[in-house]
Amino acid sequence: MQNEAFGNFLKNLPMLFDTMGRTIYDGRNTIKIFAPPESHFNVDIAVKKYKVPNPIQRVHYTLSGDTKCRRAYVNGMTLTVFGFSTPESIAMVETKQHGFFHTGYYVCMSVNNEKNLLDLITENGVVNVELADQFAEMLVKLHKNGLVFNDLNLTNVLCTRRYDGGTLFTLIDTNRMKYHGKNDLLWKKCINDFKSFSGSFDAYNHVVNKYCELRNINKNTEIDKMMAIKALYSIHYRRKKRFLHGLKNLIT
């Protein structure tokens with residue numbers, strides 16, 4: 001009976017999303033929390049509604065099936081298989097309009113209001129060395145398992161203190177992540193994963209130094225590459241933001 005009820009919930013999710021649930025984020029995408037009896041679970045679940053893509057993206061998603069919600073669903077299960085913490089994937093729902101993909105919904109277990117890594121890695125202008133080291137260790141494990149997160153905005157990393165003094169890092173917003181296979185992940189992809197690191201320069205410098213140390217990589221050559229990649233990404237990101245802002249003003 002519970003499975004049938006939850007199946008009906010998923011079937012009607014596009015309609016229910018607009019009228020039920022508690023909104024916890026409303027920006028480019030929207031995230032709502034659904035609690036029993038809405039979710040038909042004994043715990044709260046989170047539903048992320050992705051924004052409607054542009055016409056070109058809609059055609060691409062229709063033909064390829066490689067939608068953001070599908071990637072988030074699969075990547076959530078992949079991270080769990082490899083022993084990393086992430087909200088448990090439950091389901092995904094996709095809608096079409098005029099035969100083309102319209103929008104998607106990703107359903108997962110909700111997480112508590114842990115603080116994110118961006119808020120914690122630098123305290124009063126000083127890098128939290130212990131936390132930065134632990135994060136570098138997690139990234140080493142991630143890459144050694146063939147996983148590239150591709151979006152190291154530190155707000156996508158939630159932190160929970162463990163009883164043993166360590167930190168549990170919970171990865172969210174995983175739709176950009178790629179699995180390349182344990183033996184197929186090139187070093188270039190590993191260092192490119194750091195380009196979107198959103199913490200302070202000092203935090204970035206500490207994490208990449210620790211990362212190279214843990215992987216027995218020559219710091220003198222590789223850290224220079226990682227710094228250059230980060231700088232180029234930052235320049236490109238700022239230019240893109242200025243272009244989109246100017247385009248928006250032109251249209252409106």
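The second largest pocket is lined by Gly83, Phe84, Ser85, Gln134, Glu137, Met138, Lys141, Arg162, Gly166, Thr167, Leu168 and Phe169. Two elements each give two or more residues to this lining: α6 (129–144) and β11 (167–171). The largest share, 4 residues, comes from α6. Helices (H or I, at least four residues) and strands (E, at least two) are DSSP runs, numbered from the N terminus. A pocket is found on a 1 Å grid over the protein atoms alone, as an open set of points where a 1.4 Å probe fits, with protein on both sides within 12 Å along at least five of seven lines; lining residues have an atom within 4 Å of a point.

This is a predicted model, in which local features need pLDDT of at least 70, side-chain atom pairs count only at pLDDT 80 or more, and totals for chains, interfaces and linings use all residues. Residues are numbered from 1 along each chain as its sequence is written, and side-chain values use heavy atoms, with hydrogens and water left out.

Thr167, one of the lining residues, lies in strand β11. Thr167 counts as buried because its relative accessibility is 8%, and buried means under 20% relative accessible area (1.4 Å probe, protein chains only). Its side chain makes a polar contact with the side chain of Arg161 at 3.4 Å. A polar contact is a pair of N or O atoms within 3.5 Å; within protein, one must be able to donate a hydrogen and the other to accept it, and residues adjacent in sequence count only if both atoms are side-chain atoms.

Leaving aside neighbours within four places in sequence, Phe194 is in contact (heavy atoms within 4.5 Å) with residues including Leu139, Leu152, Val207 and Met226.

Asn175 is found in the loop between β11 and β12 (178–179). Is Asn175 buried or exposed? Asn175 counts as buried, because its relative accessibility is 4%. Not counting residues up to four places away in sequence, Asn175 touches Lys48, Tyr50, Lys68, Arg71, Ala72 and Asn75.

Technical notes:
Buried means under 20% relative accessible area, exposed over 50%, partly exposed in between (1.4 Å probe, protein chains only).
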